[in-house]
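Trainee: Before we go through this entry together, could you take me through the chains and the way they meet?

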Amino acid sequence: MSNRKWLALLLVLGLVLAACGGDGGESTTTEAESPDTTEATSEEDPTTTESGDTGTTAASGESTGYTELDQALAGEFEGTTVDVWAQWLPESVEEANFTATLAPFTEQTGIEVNFQATPDYETALQVAVDGGNAPDLAQIAQPGKMHQYADAGSLVALDFFNSEKLEAEMVPAFYDLGHYNDTLYGIYYKSDVKSIVWYPVQGFADNGYEVPTTWDELVALSDQIIADGNGNPWCISIESQEADGWVATDWMEDILLRTAPEEIYNQWITHEIPFNHPEVLEAAEYMSDIWFAEDYAYGGNTYINATWIGETQDPMFAEEGPQCWMQKQAAWIGGFWGANRDFIAENPEAPQSEWPNVPGEDVDFFYFPMIEEEFGTPVLGAADMFVMFEDRPEVRALLEWLATPEAAEGWIAAGGFLSPLNTVPAEWYTYPNDGLSEMVLNATTVGFDASDLMPAEVGVGSFWSGMIDWVAANGEGTDEVFQSIEDSWPG
Amino acid sequence: MDTMTSNHRVMSIARAIVLMATTLAALWLGLNFLSQETILEGLPPNASKLVQALIAIVLGVAGIWALFYAGNTMLEAFPAKARDTLRPYLFVLPAVAVVGLYLIYPTVGTVVTSFTDIPEGESFFYNYADAFTDQEVLLNLRNNMIWLLIAPAASVVIGLAFAGLVDRIRLESLAKSFVFMPLAISFVGAAVIWQFVYAWKPPGQPQIGTLNAFWVGAGEILVGMGILTEIEPIPWLQVIPVNTLALIAIMVWLQVGFAMVVLSAAIKGVPSDLTEAARIDGANERQIFFRITIPSIRGALLVVYTTIAIAVLKVFDLIFVTTGGNLDTSVIAVRMYQEMFRFRNFGAATTMAVILLVAVIPIMFVNIRNLRRQGIGA
């Protein structure tokens, strides 16, 4: 989404240069500044898997448990082509990792995979589907979209899938999310955990700060930082071009998972309870205790609304020492720390250990702590699934292959990838995904991003804009904000 | 003589019919060939697409030419009088067909959808009732009104002032080209540029936004002089209602050049004997400008005003790129995009489109009538 603005910036760059005498400094990092493009650069060469271990699907005649995949491995569909669309843009790390991941499939089956990514992906896909030009397989980030396509009759129901095998191998929450109206439509491929908080390791050590494991400790630490005169405890901001506000919805969801039973969370998504249910307002209270408490958030509410999400944590890397100390954000943020942005733009191939701020050494993360013991240690996640628009045997084979650990191995080695399959060996993961993968295993609940599951009018509409209004009012009028979101619920 | 003429006529009619039939048949075959998926098998996919595109271009251009030629030949067979009456219709027919297909048909479709894409059992006016009772939509309409009141008027006044001031000075064209330049920048480009102008950084940090750099810089001088106690940067795009005004300023910046160029030309068109006569009668420059020049260019003023008003009603990109319509800055067009592409509510989206269309029509009417009167676009 955010690529649109930067693309536009590049287009007008010539004009800008002509108009103001060549002040192009801001734009030199455009490639790296899109949050989606810099999840991880890794020491491992993503192509190693091509020559290396091809796992259980090696052409030994052994069954994979999937009919069409077995046929494909036997070479029955050699020479056919499958069109795959995803939002992993050309020349991004994701695109490189995904195409490298697909290589062994083509090698073993002779099925050509024609991979395509377009800017403004969701709209482009919708237009293609409406126009009858849908790809064979497409990646979708939002289950709500899958429901829309399924309702419109555009999707192929995956009745052919060996669902017993899938159910046994996939994290139950993801298996369930692939279903709609009791029919399997989507195969989850890639997941992400958002429930983590980043902190400066050296700064914590120098001041004797301990990683908090409960909400009370988190609040106590925040107060301690202010009392010590060390600036503001929190780095928070939500400006994200077309998607302004999503960081705030993530906070709401993560807190609600910790203060209410899972049923409440799910009923909140399906609108069986009103959006402004007392439990939700209670979660909002917890959130505003961090966001709007005096001196807690760096730069106050104006900073929260006015600062781009890639720059949220800049004060954490200030020369005079951290000016804000904790940031709740998913793992991709590492590429955006302080000098890392410019460094990666110039050295896109450099391993993380050479970055100016090394993830895991200079800055590390802790689990966003639990709040109420009875609700345990949930994690908030996001994930990408593949859905099927055209039913041909070779398309089935590729979809089945995407549900095997082999389809994940290359990308796991390259970093920035968590598989929703429990059959993936733990030792494949490196930092920080080893820790994140563990969080998924230890999780008492895996909550899927609620705003992704709500109807678009709310999930990418009033929930975002409501949070922005709430921040603009510095946390005043909570009831009105949540009431207006409730009122905007369609139907 | 008579038989020769009639023979000649029969011959030319036959020739025209054969020509037309051949053209249509060739076009039919060509289109059929192009619509086959398996054409040009054996070529690599990209090359085959390229060849296909080339064939399509050749077929399109040559086909149109051949159709016109064949049609004209048929016309030649008519008696001279009918020929002259029919010829304009023949030549305008393809254009009308294309406009009908790409403009009239979608417009009608949009209007129909806005009345028919409704929940079951609701009245035809459901979408409209819904739109005009929705607080958000009303807010968007209000914002459209604010834009419409400020942006065209400001553009015209500033453009007129500039056109009047630089008229007949040295380096006039250079001065005008600077004001005109923003017109060459796309709305999205302008929005991105102005985001840097309006950028906000927390107090104490260097202000990278042009406006806040000036604001804080000037404020600090005043603080130094003891006139102010403190100065804080302003988040121009976050504060309601400053943000809407800040966005309108971008629009004015973009449109002033257009207003200036048209009005400058109109001012130069004011007959000099008029102004000279006024001067002889003892009028000063100010009186000449307000009493002679402005009344003389009234038509041009109206055209400029209405043209900008139409652009303002359709404003989308500026808002979409900068604030995304958040914090009370959204307008109908942004709402339309969101309903269409984010929420997939065709009914609500087409309703917004129809509201916009209805709002634009009267302005369009005034605009076209004026252009006619000016003799610009008769």
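Mentor: Helices here are DSSP runs of H or I with at least four residues, and strands are runs of E with at least two, numbered from the N terminus. Please keep in mind that this is a predicted model.

Trainee: How many helices and strands does chain B have?

Mentor: Counted in that way, the secondary structure of chain B comes to 15 helices and 0 strands.

Trainee: Why is chain B described as more spread out than a compact globule?

Mentor: For 378 residues the globule rule gives 21 Å, and chain B is well over that value, so it is more spread out than a compact globule. Its C-alpha trace spans about 105 × 70 × 50 Å along the principal axes, and 29% of its residues count as buried. The radius of gyration behind this description is 29 Å.

Trainee: Which helix of chain A gives the largest share of the side that touches chain B?

Mentor: The contact takes 26 residues from chain A and 20 residues from chain B, and those of chain A divide into 12 nonpolar, 8 polar and 6 charged. Helix 1, helix 15 and helix 21 of chain A each supply at least two residues. The largest share, 8 residues, comes from helix 21 of chain A.

Trainee: Within chain A, at what angle do the axes of helix 12 and helix 14 cross?

Mentor: Residues of helix 12 of chain A, including A:Trp251 and A:Leu256, meet residues of helix 14 of chain A, among them A:Val280 and A:Tyr286. By class, this contact has 9 nonpolar, 1 polar and 2 charged residues. The crossing is right-handed, and the axes, which come within 9 Å, cross at roughly 115°.

How values were computed: Residues numbered from 1 in each chain as written. Chains lettered and ligands numbered in written order. Predicted model: local features only at pLDDT ≥ 70, side-chain atom pairs only at ≥ 80, totals over all residues. Axes fitted to C-alpha atoms, helices over the stretch in contact; angles between N-to-C directions. Left-handed = near helix turned anticlockwise from the far one by under 90°. Contact = placed C-beta atoms within 7 Å. Nonpolar A, V, L, I, M, F, W, Y, C, P; charged D, E, K, R; others polar. Rg over C-alpha atoms; globule rule 2.2 N^0.38 Å. Buried ≥ 20, exposed ≤ 12 C-beta atoms within 10 Å, placed from the backbone.
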